[in-house]
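Hello,

Here is the structure I promised to pass on to you. Have a look at it first, and then read my notes below.

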Amino acid sequence: MALSATMVGALLGLGTQMYSNALRKLPYMRHPWEHVVGMGLGAVFANQLVKWDVKLKEDLEVMLDKARAANERRYFVTKRASIEEESAGRLENCFLSLPLSLLKDRLR
Amino acid sequence: MFNLFLAVFPEIFIINATFILLIHGVVFSTSKKYDYPPLASNVGWLGLLSVLITLLLLAAGAPLLTIAHLFWNNLFRRDNFTYFCQIFLLLSTAGTISMCFDFFDQERFDAFEFIVLILLSTCGMLFMISAYDLIAMYLAIELQSLCFYVIAASKRKSEFSTEAGLKYLILGAFSSGILLFGCSMIYGSTGATHFDQLAKILTGYEITGARSSGIFMGILFIAVGFLFKITAVPFHMWAPDIYEGSPTPVTAFLSIAPKISIFANILRVFIYGSYGATLQQIFFFCSIASMILGALAAMAQTKVKRLLAYSSIGHVGYICIGFSCGTIEGIQSLLIGIFIYALMTMDAFAIVLALRQTRVKYIADLGALAKTNPILAITFSITMFSYAGIPPLAGFCSKFYLFFAALGCGAYFLALVGVVTSVIGCFYYIRLVKRMFFDTPRTWILYEPMDRNKSLLLAMTSFFITLFLLYPSPLFSVTHQMALSLYL
């Protein structure tokens, strides 16, 4: 992974310097030491970009987990509690409530 | 552990650098001993160095993962969104300053104050991005705007530049007044200026029945003030004249930097502070109108800078699609759109500056550029295709994501208008390409060599535009984080 990033970055750096020379209508390889500097900077940039991308994804996962947990706390726990209350209320109000309560007393 | 000094050190550094450069410029430019030297390039390089050091100071501060910090009496906020917006702003400023050096030599532009004002406006924009109160936001907007009024008129020997500065001053002051009026109405109706308090008061106010004409008018006026500053239709009238009359580096700066900071402010104030059906409708309308006008009006232009001005109006319309959605995907697509738009615009204006040396002003003057400088013609073509949204370039990716965000929230008409106006826009972008490759100019223009700064900037931005689609993951992740941190 690091090797491919280094190679791609070096190619990018070399390409940037050659493109810059071409825009100025100079020979592509004029001042070759600038191409070496470009390759070095490109390799460093590509490696740092890949590392940064990995870190960004990890940080994003943490943020999304935090958001998911906040949503669950806000909606699912409340909803669960309200479902339980509703079902309890439904039991008390239905026509089976009297025999059921008698059954509960018997079992107690 | 939050360290206040480290958090604001970038802003402190850039303010100090601005004042030191101002004193340096005043002392040495009026020095008889040194024969009154022109200091524009000298101050320019020092200004560029200051911006890069500020960028390093900002980047060196650890990004605040999931933790936002308020400071200075809760007037400012530092979080992921602020952090990355400021880095992006400083990169754009550095790119714009690097385009200016050849311009100073070619046009014999002697005003070192130009760079000082750019740095001061950058400082204002840094504060604008981190502002978390209506008062702080307004003061930062004014610091930025006042500098812009002056640099628009910086070419003192040009009537067009003076006219542009005067128009910008009058219309900009008017829009700032409307913005302040809106802020005062919000304060009068709610008693709050802090965004957290406004969020609690204004969220869902249209639904709960707590409607107030003061709140409604306040939000409307603030929206109008912001829409004016981002040159959205129907508040765009000033943009083409000012973009055309100002010196080209100023136009480049005006096209890029304020849009980043104003959109960041819009997201803070409206997405976080107050978001309702009325605001969404306003932005829907402005987005559609900007896209349509940007596409149609640009077709009639004969000058390159005016065409780019209308193109930027159209792009603001596309970017407002992301805001109109009101979803996390919408905000993410808005941020991606701004980033790619800024890089494309830097590329376009670097080319325009390179061509200005050869006195290219009209579209017709671009004829046979492919014969005199084929690589520059190819670079310009790539930029135009990217503006048009043709795959696999970066412009296509930004429009793709914006339209998908619109479809995701059910705004089918918005996406349809976006697609149709993109197709119409292809006409005038490809017309430029046709001129360069297939037409002959009215008068043959000799090529003058470009300087290294512009060529490197063009090379980097062109590679980004061309190769972005191969590795878009970092930008997608960072914009997703920024969108989430607005809420968390």
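**Backbone features in the loops**

B:Asp35 sits in the loop that links helix 1 (4–29) and helix 2 (40–60) of chain B; helices here are DSSP runs (H or I, at least four residues; strands are E, at least two), numbered from the N terminus. Phi of B:Asp35 is near 60 degrees, a positive value in a residue other than glycine.

Before going further, a word on the model: it is predicted, so local features need pLDDT of at least 70 and side-chain atom pairs count only at pLDDT 80 or more, while totals for chains, interfaces and linings use all residues. Residues are numbered from 1 along each chain as its sequence is written, chains are lettered from A and ligands numbered from 1 in the order in which they are written, and side-chain values use heavy atoms, with hydrogens and water left out.

One runs from B:Val233 to B:Pro234, with omega near 5 degrees, and B:Pro234 belongs to the loop between helix 10 and helix 11 (238–245) of chain B. Another joins B:Pro391 and B:Pro392, where omega is about 0 degrees; B:Pro392 is in the loop between helix 17 and helix 18 (394–408) of chain B.

**Helices packing within chain B**

Helix 10 (residues 213–229) and helix 13 (residues 277–299) of chain B have axes that come within 11 Å and cross at roughly 25 degrees. The axes are lines fitted to C-alpha atoms, for helices over the stretch in contact, and angles run from 0 to 180 degrees between N-to-C directions. That angle makes helix 10 of chain B roughly parallel to helix 13 of chain B (under 35 degrees counts as roughly parallel, over 145 as roughly antiparallel, 65 to 115 as roughly perpendicular and the rest as oblique). On the side of helix 10 of chain B, the contact (heavy atoms within 4.5 Å) includes B:Phe216 and B:Leu227, and on the side of helix 13 of chain B it includes B:Thr278 and B:Cys286.

Helix 13 of chain B also packs against helix 14 (residues 304–325) of chain B, with axes that come within 7 Å and cross at roughly 155 degrees. The contact of helix 13 with helix 14 of chain B divides into 15 nonpolar, seven polar and no charged residues (Ala, Val, Leu, Ile, Met, Phe, Trp, Tyr, Cys and Pro count as nonpolar, Asp, Glu, Lys and Arg as charged, and the others, Gly among them, as polar).

**Where the chains meet**

In the interface, 31 residues of chain B are in contact with 24 residues of chain A. Together the two chains, B and A, bury about 2,600 Å², 69% of it on carbon and sulfur atoms (buried area is the accessible area, with a 1.4 Å probe, that two parts lose on being put together, summed over both).

Helix 1 (residues 2–23) of chain A and helix 17 (residues 374–388) of chain B have axes that come within 8 Å and cross at roughly 115 degrees. A:Tyr19, A:Ala22 and A:Leu23 of helix 1 of chain A meet B:Ile375, B:Leu376 and B:Thr379 of helix 17 of chain B. By type, these residues are five nonpolar, one polar and no charged.

**Salt bridges**

The count over all chains is 17 salt bridges (a side-chain nitrogen of Lys or Arg within 4 Å of a carboxyl oxygen of Asp or Glu). Between chain B and chain A the count is one. A:Glu34 forms a salt bridge with B:Arg452, their closest N and O atoms being 3.0 Å apart. Inside chain A, A:Asp65 pairs with A:Arg68 in a salt bridge, with the closest N and O atoms 2.8 Å apart. A:Asp65 and A:Arg68 are separated by about one helical turn, because they are three residues apart in helix 2 (residues 32–93) of chain A.

Best wishes
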